[in-house]
Amino acid sequence: MPRWQIVDPKTINVPSTRKIHGVDVEAWAAPQDVPEAVRVSADPDAKRVFVEFRYMTGEEPLVIGAEKDGVQLFIGQFSRRLFRIVIRADKSTAADFMGTVTSMIEELSKSRATPPRSENYRTTEQVLAIKGRDLFAELAETSR
Amino acid sequence: MRLTWWRRWLFRGMTGVKVGGVFVAGIVGAVLRTTPSNWSAPINSWLQWVHENGWWLIVVCSLAAVVATLINSWLGPPWVWRSVQKLLDKLRDEVFDIVDEEGVYAQRVTLFRRQRFLWWIWPWRRWFWPWGVWRCPWSGWLVPVARSGHTTQKSRAIYLAPDDADNAEGVAGQVWVGNRTLRVVDLPDLSTESSTRVIREYARRSFVSEIWLRRRIKAKKACPRALCGFPVEVNRAIWGVIVLDSRRPDSIKLEAGQPIHKMFPIAIGEILQRA
């Protein structure tokens, strides 16, 4: 199993100015919504690639939050945080699904579920944007 | 639940009732298994009395123990609130530049709990109805339960945190609705001489009603010039909100990724599980 790669919250969770009811406020994700580590692994027999996020609040039972074109997003049953992405592909082609993954996370953040986790989905998207390419390249390397 | 002297004493009293109730019920149960005639006077007459009244003694003692347990679980153990208070003080010391004595009470950290039901609200929000127009006790409220320092502990700043999220009040309400960290800085400096335009600007930027704000100014209560809030979770659900307020326009040093900001919500959430 590959090692967890620590995420730097200062680069992932950057405060930004948002408009709430016409008022400019500085906003960023709550600390418990920022993944502290990420890892990418593969099951070559089942042709599946897993992207997993770890949080300070620990693990919890997972449910499918979204499913499309061979990609499944697993969210926490209670917190609704994004914990795992399962891509039905082999190690070398998993990176091609990043566009689908990103659009699915964006759709998930628009859902009106309770509790709202749009900031969590935004930070996981950021993690993938910053570290995703390297993680998938590293995974593809291990297959050679 | 603010840790006041009467809550502390009530918790101790209820603990006594609980222990006493179980103990007496146990003794009565043991006495019921004895034969009074086997004992000499005056013990046999006491045992006889217990035999005649034992059934209701056991019922009353057991009920008292159950009620005391329920009251104590509602109050929460005093150590929880002492720990919360210490954590709030620590957070205040870390995120504010407290350079003089004024800083201790001009820069505060308040823990609000989201309550679905609030049976009473003071002062009344409208003269004819305590909870305000189109609002009721079960509208959803953010109630202050603990605050750093030892002054301004009797806060009545209760904010609406309703199901219809558009009407959430204050920075606390907005944090609760969006479940994210928010910061508002450079709010206008308010006083009794402030113009209507300035008061309206302050109310708009801090998400409070103008009426509420005018009442506060009239009561000569200080209005913070910078506010910051973040959600607190207990058992993976949003429990409440922490709000930092300062009378200085830009003195809140809370940053994403700062160790205290990272660890604080987790630490307080773990402690509040026992409340």
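This is a predicted model: local features need pLDDT of at least 70, side-chain atom pairs count only at pLDDT 80 or more; totals for chains, interfaces and linings use all residues.
A residue is called buried when its relative accessible area is under 20%.

**Salt bridges within chain A**
- A:Glu52 pairs with A:Arg84 in a salt bridge of 3.6 Å, N to O.
- A:Arg84 belongs to strand S8 (residues 82-87) and A:Glu52 to strand S5 (residues 48-54), so the pair ties together parts 32 residues apart in sequence.
- A:Arg84 is partly exposed at 29% relative accessibility.
- A second salt bridge, of 2.9 Å, N to O, links A:Asp24 and A:Lys19; A:Asp24 is partly exposed at 43%, whereas A:Lys19 is exposed at 59%.

**A buried salt bridge in chain B**
- The side chains of B:Glu169 and B:Arg125 form a salt bridge of 2.8 Å, N to O.
- B:Glu169 lies in the loop between strand S3 (159-160) and helix H5 (170-178), and B:Arg125 in the loop between strands S1 (107-115) and S2, so the pair ties together parts 44 residues apart in sequence.
- B:Glu169 is buried at 18% relative accessible area, and B:Arg125 is buried at 15%.

- A:Arg18, A:Glu119, A:Arg122 and B:Arg180 are joined into one network by salt bridges that share partners.

- The side chain of B:Arg147 makes a polar contact of 2.8 Å with that of B:Thr110.
- Residues touched by B:Arg147 include B:Gln85, B:Leu88, B:Arg108 and B:Gln153.

Terms used: Residues are numbered from 1 along each chain as its sequence is written. Chains are lettered from A and ligands numbered from 1 in the order in which they are written. Side-chain values use heavy atoms; hydrogens and water are left out. A polar contact is a pair of N or O atoms within 3.5 Å; within protein, one must be able to donate a hydrogen and the other to accept it, and residues adjacent in sequence count only if both atoms are side-chain atoms. Contact means heavy atoms within 4.5 Å. A salt bridge is a side-chain nitrogen of Lys or Arg within 4 Å of a carboxyl oxygen of Asp or Glu. Buried means under 20% relative accessible area, exposed over 50%, partly exposed in between (1.4 Å probe, protein chains only). Helices (H or I, at least four residues) and strands (E, at least two) are DSSP runs, numbered from the N terminus. Lists of a residue's contacts leave out its neighbours within four places in sequence.
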